[in-house]
Amino acid sequence: MTTGRCVAVDKGQDPQAWQRYADSDGPIVTQWDDGAHDGNEPGKVFSSSSSMPSLVFSMLADLGVKPGQRVLEIGTGTGWNAALLAHRLGAGNVVTVEVDGAVAARAREALERFGLPVEVVHGDGFLGYGAGAQRAPYDRVIATCGLRKVPFAWVEQSSAGGVILVPWGTYYGPGEATARLVVADDRRSASGPFTRPVGFMRMRSQRVVRPRHDEYVPAGALEAADTSFTTMSEAELRGTGSFDVTGFALGLRVPAVAQTADRERDGRRAVWFYGRSDLSWAVVVFRDGRAEAKVYQSGPRRLWDEVEAARGWWVEQGRPGFDRFGLTVDAGGERAWLDSPENPVRRGGGEPPWKMSSRALNAP
Ligand SMILES: C[S@@+](CC[C@H](N)C(=O)[O-])C[C@H]1O[C@@H](n2cnc3c(N)ncnc32)[C@H](O)[C@@H]1O
């Protein structure tokens, strides 16, 4: 999976290969399509996994647990991370919540078999796990699935000075990082910087559903759209590599937009933007060997203009990396910030430096 390729491995048929993969530093998908998929071929969506060991260790280092502390984990999966926590803190100090009943049952059984009877709760981790169980407040909350909205319940269920470690990103597209939030003394907010880029499967209720293209761009809509050209390159728009900060930073400034890239066709690559607040859309078409890319946009929002302005802002700020951004969560929701909580990232604004005038139409 580290190469983006999936290899099916069956313990019964090839125990040596199974052991090799189990020992490797890569993520291991253990469930596809919320359990609806069977067989050796990959399904559509990977829905449970054992996370990449080096990532698990980095997150545990960020979490910084100390003996005697109580931890709530969201996203039990195989139970491996819960086992590591239980090994360090004692099984009685770890509670883990898993939304999938079959996954939760398997993890519970595995943890008991290894003599680490962690409390595995089958439920929606967005709600945390609190009062009834007499477990909260927790000293540490760690999510091992990605979120776009951090529930205030986790703050309420944490102790003062506690830490919430959560992979977080926007709906804009790729670009996610772990936020390390420290809970305030009054337990009414939690705030802290992002520590590292990550790539987690999303919390079930916060998955991006790919917009239905035809709803946004019916027949004839492309021809009727406003057009312009941009000198922004594809690398400037999308960054390079899977842990590039660009999508993360732009998503903070462009609210309620989903970005998707088409596969390359004849040296042409189209990147689409779909508004989630209305049916506004935009597309920029990059072509091999051309310094300018053609832009089409339509609808009440000018999505490409918003994206250009967002990138202009990010460049003006000195192209900050993940570590200059942070997040604050309170009862009113969450706010991303740059350098300090007093400097929230505002949505929109800024003059795009590379905007060019509209030209005669070329085929997209
Ligand atoms: C990357 S896996 C977790 C890996 C796991 N910690 C381990 O050590 O193997 C993410 C898990 O989060 C679970 N999940 C997704 N949404 C959830 C939710 N709302 N509440 C609890 N668990 C959830 C998925 O079913 C999946 O098992």
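Colleague: Which residues of helix α3 (residues 80–89) are buried?

Modeller: The model before us is predicted. An α-helix has 3.6 residues a turn, so residues three or four places apart point the same way. In α3 the buried residues are N81, A82, A83, L85, A86 and L89.

Colleague: Against which elements do the buried residues of α3 pack?

Modeller: Their partners include both helices and strands: α2 (53–63) and α4 (101–113), together with β3 (71–74), β4 (94–98) and β6 (138–143). After the helix comes G90, which has a positive phi, near 95°.

Colleague: Which residues are buried in α2, and what do they pack against?

Modeller: P53, L55, V56, M59, L60, D62 and L63 are the buried residues of α2. They pack against α3 and against the strands β3, β6, β7, β8 and β9. Just after this helix, G64 adopts a positive phi of about 60°.

Colleague: Let us turn to domains. Where do the domain bounds fall in this chain?

Modeller: The domain assignment places domain 1 at 25–205 and domain 2 at 211–316. Their C-alpha centres are 33 Å apart. Each domain gives 14 residues to the contact.

Colleague: How is the size of the interface expressed, and what is the area buried between domain 1 and domain 2?

Modeller: The size of an interface is often given as the accessible area lost when the parts come together. Between domain 1 and domain 2 the buried area is about 1,100 Å², and carbon and sulfur atoms give 67% of that area. On the side of domain 1, Y171, Y172 and P174 supply 60% of the area buried against domain 2, more than any other three residues.

Colleague: How many salt bridges and polar contacts are counted between the two domains?

Modeller: The count of salt bridges between domain 1 and domain 2 is zero. Two residue pairs are in polar contact across the interface, both at pLDDT 80 or more. The elements of domain 1 that give two or more residues to the side touching domain 2 are β7 (158–169), β8 (176–183) and β9 (189–197). By class, that side of domain 1 has eight nonpolar residues, five polar and one charged. Strands β7, β8 and β9 are also among the elements against which the buried residues of α2 pack.

Colleague: How many salt bridges does the whole structure hold?

Modeller: A search of the whole structure finds 14. For each pair, one may read the distance and then the accessibility of both partners.

Colleague: Why are E109 and R113 separated by about one helical turn?

Modeller: They are separated by about one turn because they stand four residues apart in helix α4. E109 is partly exposed, at 44% relative accessible area, whereas R113 is exposed, at 55%.

Colleague: Which residues does D330 touch?

Modeller: D330 is found in strand β15 (residues 325–330). Leaving aside residues up to four places away in sequence, D330 touches F152, R188, S189 and R335. A polar atom of the D330 side chain also lies 2.9 Å from the backbone nitrogen of G332.

Colleague: Where does S298 lie, and what does S298 touch?

Modeller: S298 belongs to strand β14 (residues 293–298) and is partly exposed, with a relative accessible area of 23%. With residues up to four places away in sequence set aside, S298 touches A225, S280 and W281. Between S298 and Q31 there are 267 residues of sequence separation and a C-alpha to C-alpha distance of 39 Å.

How values were computed: Residues are numbered from 1 along each chain as its sequence is written. This is a predicted model: local features need pLDDT of at least 70, side-chain atom pairs count only at pLDDT 80 or more; totals for chains, interfaces and linings use all residues. Side-chain values use heavy atoms; hydrogens and water are left out. Domain bounds come from an automatic or database domain assignment. Contact means heavy atoms within 4.5 Å. Buried area is the accessible area (1.4 Å probe) that two parts lose on being put together, summed over both. A salt bridge is a side-chain nitrogen of Lys or Arg within 4 Å of a carboxyl oxygen of Asp or Glu. A polar contact is a pair of N or O atoms within 3.5 Å; within protein, one must be able to donate a hydrogen and the other to accept it, and residues adjacent in sequence count only if both atoms are side-chain atoms. Ala, Val, Leu, Ile, Met, Phe, Trp, Tyr, Cys and Pro count as nonpolar, Asp, Glu, Lys and Arg as charged, and the others, Gly among them, as polar. Buried means under 20% relative accessible area, exposed over 50%, partly exposed in between (1.4 Å probe, protein chains only).
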